Amino acid sequence: MKLREGFAAALRETRKQQELTQEDFSDVSSRTYLSTLERGIKSPTLDKLEEIASVIGVHPVTLLTMAYCKIENVDAETFCNKILSETIKFSD
């Protein structure tokens with residue numbers, strides 16, 4: 001699975017879990033653009049990722065974490081432990 005596909009699945013799943021429609025994102029993007037993200041055709045910019053995540057009510061890193069968990073076929077705890085370890089290592 002590629003990053004775009006993983007992100008598409010993560011975005012689609014979180015949007016649906018929050019019972020949001022693509023139209024609910026009209027203040028930050030068009031329904032057509034959101035559809036292209038959910039189909040893995042396009043990738044969002046960092047600014048757009050932040051705007052979309054705010055509508056869903058999650059941190060932008062949550063969407064990226066979910067995407068990478070799908071790509072790497074690991075659970076969120078395993079993935080987050082890896083990120084925590086790397087963050088600590090490089091923040092000293």
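**Exercise 1.** Which residues of helix 3 are buried?

*Solution.* The model is predicted, so local features need pLDDT of at least 70 and side-chain atom pairs count only at pLDDT 80 or more, whereas totals for chains, interfaces and linings use all residues. Residues are numbered from 1 along each chain as its sequence is written, and side-chain values use heavy atoms, with hydrogens and water left out.

Step 1. Helices are DSSP runs of H or I with at least four residues, numbered from the N terminus. Buried means under 20% relative accessible area, exposed over 50%, and partly exposed in between (1.4 Å probe, protein chains only).

Step 2. In helix 3, the buried residues are Lys48, Leu49, Ile52, Ala53 and Ile56. These residues lie on the same side of helix 3, because they cover an arc of only 135° around the axis; the arc is that of the directions from the helix axis to the C-beta atoms.

Step 3. An α-helix has 3.6 residues a turn, so residues three or four places apart point the same way.

Step 4. Asp47 and Ser54, on the other side of helix 3, are exposed. The buried residues of helix 3 pack against helix 1, helix 2 and helix 4, where contact means heavy atoms within 4.5 Å.

**Exercise 2.** Explain why helix 2 counts as largely enclosed by the rest of the structure.

*Solution.* Step 1. Helix 2 spans residues 31–38, and six of its eight residues are buried, so the rest of the structure largely encloses it.

Step 1. The buried residues are Tyr33, Leu34, Ser35, Thr36, Leu37 and Glu38. Their packing partners are helix 1 and helix 3 (46–56).

**Exercise 3.** Describe the aromatic pairing in the model.

*Solution.* Step 1. Rings of Phe, Tyr and Trp (its six-membered ring) pair if their centres lie within 6.5 Å; planes under 30 degrees apart count as stacked, over 60 as edge-to-face and the rest as tilted.

Step 1. The rule gives one aromatic pair. Tyrosine 68 and phenylalanine 79 are stacked, 6.1 Å centre to centre with 5° between the planes.

Step 2. The pair links distant parts of the chain, 11 residues apart: tyrosine 68 belongs to helix 4 (residues 60–72) and phenylalanine 79 to helix 5 (residues 76–91).

Step 3. Tyrosine 68 is partly exposed, at 31% relative accessible area, whereas phenylalanine 79 is buried, at 8% relative accessibility.

Note on methods: Helices (H or I, at least four residues) and strands (E, at least two) are DSSP runs, numbered from the N terminus.
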